[in-house]
Amino acid sequence: MSVEKIDIVEAMLYIAGDIGVKESSLIKNIPITKDELEQSVELYNKHKKHLNILVHEDIYYLKTTPIVEEYILKLLKERPSNKLSNQALEVLSIIAYNQPVARGMIEELRGVSPDGPIQTLLNKNLIQRVFIENDRRTFYKTTQTFLEIFGLETITDLPSADEIEEDEHIELFFNQLKGENDE
């Protein structure tokens, strides 16, 4: 029985999970050319109804489609939630809006060491380390997992500071109205 190259790609992406697989690794280990890989993924995505292969930068991911989303959500609701602490959310927002950002800048903005929250975010694959040539500092940026969890196509889809401030004013206004109605 012969195995198609795209089946091997699918299996490798399944095993890799949220981490995904670099394009160079797929090309080297299957072996497949870049053009073959791109064409195979395009055909795969056209014919598969429950799974798609996504590419972010040069990393390939296996993702479920909206057709099976309701069933997956039911399963996920049965699991205990993995909420982030306020500190981790604060560090995540600093990274998301300033990426790539050095650890020292995060500490400067927060006034305390970000090491605990950074480790949590790394463990949850929401951020990744970035190395910049000729700079010894450690930098961080968000991952494809971050984009998926927050329902973003790209990092530019994050709300601007003006949009956030406007939402806060609206919420404050309605909270004040609620307070007046309770009296």
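Author: Contact here means heavy atoms within 4.5 Å, and the elements concerned are DSSP runs numbered from the N terminus, helices being H or I of at least four residues and strands E of at least two. The model is predicted, so local features need pLDDT of at least 70 and side-chain atom pairs count only at 80 or more, while totals for chains, interfaces and linings use all residues. Residues are numbered from 1 along each chain as its sequence is written, and side-chain values use heavy atoms, leaving out hydrogens and water.

The part to examine is the contact between α5 and α7, where Gln87, Ala88, Val91 and Leu92 of α5 meet Pro117, Ile118 and Leu121 of α7. Six of the residues in this contact are nonpolar, one is polar and none is charged (nonpolar: Ala, Val, Leu, Ile, Met, Phe, Trp, Tyr, Cys, Pro; charged: Asp, Glu, Lys, Arg; polar: the others, Gly among them). The axes of α5, residues 86–98, and α7, residues 115–123, come within 9 Å and cross at roughly 80 degrees, the axes being lines fitted to C-alpha atoms, for helices over the stretch in contact, with angles from 0 to 180 degrees between N-to-C directions. The two helices are therefore roughly perpendicular (65 to 115 degrees; under 35 is roughly parallel, over 145 roughly antiparallel, the rest oblique).

Turning to α5 itself, its 13 residues should span 18 Å at 1.5 Å a residue, which agrees with the 18 Å between its end C-alpha atoms (the expected span is 1.5 Å times one less than the number of residues). Ala88, Val91, Leu92, Ile94, Ile95 and Ala96 of α5 are buried (under 20% relative accessible area with a 1.4 Å probe, protein chains only; exposed is over 50%, partly exposed in between). The buried residues of α5 pack against β4 (101–102), α6 (103–110), α7, β5 (127–130), β6 (139–142) and α8 (144–149).

Three of those partners build an open sheet with antiparallel pairing in the order β4-β6-β5 (two strands pair if DSSP finds at least two bridges between them). Because β4 and β5 are at its edges, each with a single partner strand, one side of each has no neighbour in the sheet. Antiparallel β5 and β6 are joined by four bridges, and Val130 stands opposite Phe139 of β6. The sheet also carries α7, which touches β5 and β6 and whose direction makes about 105 degrees with that of β5.

Elsewhere in the model, α1 (residues 5–16) and α3 (residues 34–47) pack at about 80 degrees with axes 10 Å apart, and are therefore roughly perpendicular. Lys5, Ile6, Val9 and Glu10 of α1 meet Glu36, Leu37, Ser40, Val41 and Tyr44 of α3, a contact of five nonpolar, one polar and three charged residues. In turn, α3 lies across β2 and β3, running at about 140 degrees to β2.

These strands belong to an open, antiparallel sheet in the order β1-β3-β2, whose edge strands, β1 and β2, each pair on one side only. Six bridges link β2 (residues 51–56) to β3, with Leu51 opposite Thr64 and Ile53 partnered by Leu62. The hairpin of β2 and β3 has two residues between the strands, and Glu57 in the turn has a positive phi of about 55 degrees.
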